[in-house]
Amino acid sequence: CKAGKVKTKAQKQQEIEEKRKEEELRRLDEERRPTFKKYVEVLLEEMSVTNAPGTLENYEYVLRRAGPVFNDYKMEDITPVMVKKYIVDFQANGRNHFTGELVGHKTVLKHFIILHKIFASAVQDDILQVSPMEKLKRPKPRKDEVEKEAQVYTEEEARYIISCLDQ
């Protein structure tokens, strides 16, 4: 129709083809520039083939807390400041689900290390040029956390334990 309200078959076909091309470009862009959530899904799928179940459980544990913070961001949009803020906030306010106490230093380190590995993997996969964690330092223990001194047996105590085992 000359008024432009009714489309010809060729125009309809052209519109369908344009929409298909737009969708394909969007899909390719998503593969090149994934969100944190999409990238981690692919990474965990790959890791499930090559890593021990305990390793995957550690990643899933960390991602239950880190995921809601980073999931909707494109990997390239996550900055060192964002990661640092997450780690500091987790260290200052993160609570153990069972005891309700602040999380320990080892738990904070676990989060730091796993996030570091995720971003390093993204660099290796050419998703990122530089990891946002590249220049971040490992977190130190909170002021209120006292390092527990290792308990060491005396020579006499060690002999006693060994003699008990020989019996």
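Student: At roughly what angle do the axes of helix α3 and helix α5 cross?

Tutor: Good place to start, and keep in mind that this is a predicted model. The axes of α3 (residues 53-70) and α5 (residues 105-124) cross at roughly 80 degrees and come within 10 Å. Angles of 65 to 115 degrees count as roughly perpendicular, so α3 is roughly perpendicular to α5.

Student: Which residues in α3 and α5 meet?

Tutor: A contact is a pair of heavy atoms within 4.5 Å. On the α3 side you will find Asn58, Tyr59, Tyr61, Val62, Leu63, Arg65, Ala66 and Phe70. On the α5 side, they meet Thr107, Lys110, His111, Ile114, Leu115, Lys117 and Ile118. Sorted by class, this contact of α3 with α5 has 9 nonpolar, 3 polar and 3 charged residues.

Student: Let me pick one of them. Is histidine 111 buried or exposed?

Tutor: Under 20% relative accessible area counts as buried. Histidine 111, which sits in helix α5, has 0% relative accessibility and so is buried.

Student: Which residues does histidine 111 touch, leaving out those up to four places away in sequence?

Tutor: There are Tyr61, Val62 and Arg65, and also Tyr86, Ile87 and Phe90. Tyr61, Val62 and Arg65 are among the α3 residues in the contact with α5.

Student: Where is aspartate 126 placed, and is it buried or exposed?

Tutor: Look in the loop between α5 and α6 (155-166). Aspartate 126 is exposed, with a relative accessible area of 68%.

Student: Stepping back, how many helices and strands does the chain have?

Tutor: The count is 6 helices and 0 strands, and from the N terminus on the elements read α-α-α-α-α-α. The radius of gyration is 26 Å, well over the 15 Å that the globule rule gives for 167 residues, so the chain is more spread out than a compact globule. Along its principal axes, the C-alpha trace spans about 105 × 40 × 30 Å.

Student: What percentage of the 167 residues is buried?

Tutor: Buried residues make up 27% of them. The accessible surface of the chain is about 13,000 Å², and carbon and sulfur atoms hold 53% of that.

Student: And how much of the contact list comes from residues 24 or more positions apart?

Tutor: Among contacts with a separation of 6 or more, such pairs account for 67%.

Definitions and conventions. Residues numbered from 1 in each chain as written. Predicted model: local features only at pLDDT ≥ 70, side-chain atom pairs only at ≥ 80, totals over all residues. Heavy atoms only, no water. Axes fitted to C-alpha atoms, helices over the stretch in contact; angles between N-to-C directions. Helix = DSSP H or I, 4+ residues; strand = E, 2+ residues; numbered from the N terminus. Parallel < 35°, antiparallel > 145°, perpendicular 65-115°, else oblique. Nonpolar A, V, L, I, M, F, W, Y, C, P; charged D, E, K, R; others polar. Rg over C-alpha atoms; globule rule 2.2 N^0.38 Å. Buried < 20%, exposed > 50% of the residue type's maximum accessible area, 1.4 Å probe, protein only. Areas by Shrake-Rupley, 256 points an atom, 1.4 Å probe, with all protein chains shown as cover.
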